[in-house]
Amino acid sequence: MLYAFELSGEHAVLPVEEIIGCLGVEELDYEEYAHFEQCLVLDIRGSAGDIDRSLLSIGERLSMSHHILKVVGICDLDFDSIIKMADGSDVSEHIDSGETFVVRARRMKHNGSIKTEKVEGYLGGSIFRKGFRANLKEPDVVFRLIMTDSAVLGSLLTSIDRGAYEHRSPQKKPFFYPGVLMPRVARALVNISCVKPGEVLLDPFSGTAGILVEAGLLSAHVIGLEVRRKISHGARMNLDMFNADYSLLVGDACRTALKDSSVDAIVTDPPYGRSAAIQAESLHHLYSGSFAEMYRVLKKGRLAVVVSELSVIDFADDAGFKVVTVFTQKIHKSLTRTFTVLRKD
Ligand SMILES: C[S@@+](CC[C@H](N)C(=O)[O-])C[C@H]1O[C@@H](n2cnc3c(N)ncnc32)[C@H](O)[C@@H]1O
């Protein structure tokens, strides 16, 4: 069965990587079917009921998608092909008899010139002719047409509550300190780490706990290490606000008081030596010491996701990690963030 993820478009790689992480958490068997601009289509195998349940919980985790759809059909992006596809589609797996519907269309970036209201009207007519009544205000089923490199028509399974991330923006938390990742980015990285509810996630440079709050909201037990007592105190205030299940330690990321192979996932944003202060002999010492510690405490087969301004591949290699993926995000002219996903084999 095909499912489409309507991506936010705020980054080329992060939205897709976080979906892949979530599919891993739910242990879904899938293959990529198509990757259009701001739209990822996956072929997911299994019983429809189980897939729907897993995708609903993935919808609760994601931060960089807007909607998840069950695909009705995919065709070329031209008006006649879209209507022909809708007329020829069986929608019985999407809407039950007696249920009402609405059609919403969205154009991604500059794809095509089809007017959204016009195509919504025609698609509505097509579904009406199959015996269903439209209800624009309180429909039982929402059909969405994504106009990207192709046209993707589907029924809405779930929408991502993106507003919730705005409510958790750093300035709205009880303790704020500059240099914090935005909650949507932090959540995407936690998803990439594949941490499951009840598992342990460590951030050895926890700062104000931006990453830990996002992992805590997914019911992970979160552990934060922070060298500055005042910041660790602030992190506690932030974690308390979101009722996280947490442990905070004041100390050096190069010497943690954790057992070997005791954590399920690591997500961290170490200091780069400019905005966030480092507490170490040098940046080199800090990175080589902390990567060795991350490797020691992480369980075999699990992932560490590191955000940095410099390449951390040599430090990760020396510590024993396998590099899974590296991708970047340009923040402004003189700042490019690098995201490095590492595995302990
Ligand atoms: C870029 S900030 C992390 C921001 C964090 N993600 C947040 O949500 O606030 C890096 C943090 O590492 C801390 N730090 C610096 N040296 C450290 C060390 N040796 N061990 C542990 N933490 C350290 C800094 O005090 C700073 O709070």
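The model is predicted: local features need pLDDT of at least 70, side-chain atom pairs count only at pLDDT 80 or more, and totals for chains, interfaces and linings use all residues. Residue numbers start from 1 along each chain, following the sequence as written. The protein has 10 helices and 15 strands (DSSP runs numbered from the N terminus, with helices being H or I of at least four residues and strands E of at least two).

**Overall shape**

- With a radius of gyration of 22 Å, close to the 20 Å that the globule rule gives for 345 residues, the protein is as compact as a globular protein of that length (the radius is taken over C-alpha atoms, and the rule is 2.2 Å times the number of residues to the power 0.38).
- Along the principal axes, the C-alpha atoms of the protein fill a box of roughly 70 × 35 × 35 Å.

**Around the ligand**

- The shell holds 26 residues, and Phe205, Gly207, Thr208, Gly210 and Ala253 come nearest to the ligand (a residue is near a molecule or strand if its C-beta atom, placed from the backbone, lies within 6 Å of it).
- Helix α7 (210–216) and strand β10 (221–226) are the elements that give two or more residues to this shell.

- Domain 1 spans 2–159 and domain 2 spans 165–343, with bounds that come from an automatic or database domain assignment.
- Taken over C-alpha atoms, the centres of domain 1 and domain 2 are separated by 34 Å.
- Across the boundary, 13 residues of domain 1 are in contact with 12 residues of domain 2 (contact means that C-beta atoms, placed from the backbone, lie within 7 Å).
- Helix α1 (residues 14–25) gives the most to the side of domain 1 that touches domain 2, contributing 7 residues.
- That side of domain 1 has, by class, 6 nonpolar, 4 polar and 3 charged residues.

**The sheet of 8 strands**

- This open sheet has mixed pairing and the order β2-β3-β1-β4-β8-β7-β5-β6 (two strands pair if DSSP finds at least two bridges between them).
- At the edges stand β2 (29–36) and β6, each with a single partner strand, so one side of each is left without a neighbour in the sheet.
- Strand β1 (residues 2–7) is antiparallel to strand β4 (residues 65–75), with 5 bridges between them; here Glu6 stands opposite His67 in β4.
- Strand β4 also pairs with β8 in the antiparallel sense over 8 bridges, and Lys70 stands opposite Ser155 in β8.
- Strand β7 (residues 141–147) runs parallel to β5, joined by 7 bridges, and Phe143 in β7 stands opposite Val103.
- Strand β5 (residues 100–107) pairs with strand β6 (residues 133–134) in the parallel sense over 2 bridges; Arg133 in β6 is the bridge partner of Thr100.
- Helix α4 (residues 116–128) lies across β5, β6 and β7, running at about 150° to β5 (axes are lines fitted to C-alpha atoms, for helices over the stretch in contact, and angles run from 0 to 180 degrees between N-to-C directions).

**The sheet of 7 strands**

- This sheet is open too, with mixed pairing and the order β11-β10-β9-β12-β13-β15-β14.
- Its edge strands, β11 (246–250) and β14 (322–332), each pair on one side only.
- From one strand to the next, the twist averages 15°.
- Strands β10 and β11 run parallel and are joined by 5 bridges; Ile223 stands opposite Ser247 in β11.
- Helix α8 (residues 229–241) packs on the sheet, where this helix touches β10 and β11, and its direction makes about 170° with that of β11.
- Helix α9 (residues 283–297) also packs on the sheet, touching β9 (200–203), β12 (263–268) and β13 (298–308), with its direction at about 150° to that of β13.

Conventions. Two residues are in contact if their C-beta atoms, placed from the backbone, lie within 7 Å. Ala, Val, Leu, Ile, Met, Phe, Trp, Tyr, Cys and Pro count as nonpolar, Asp, Glu, Lys and Arg as charged, and the others, Gly among them, as polar.
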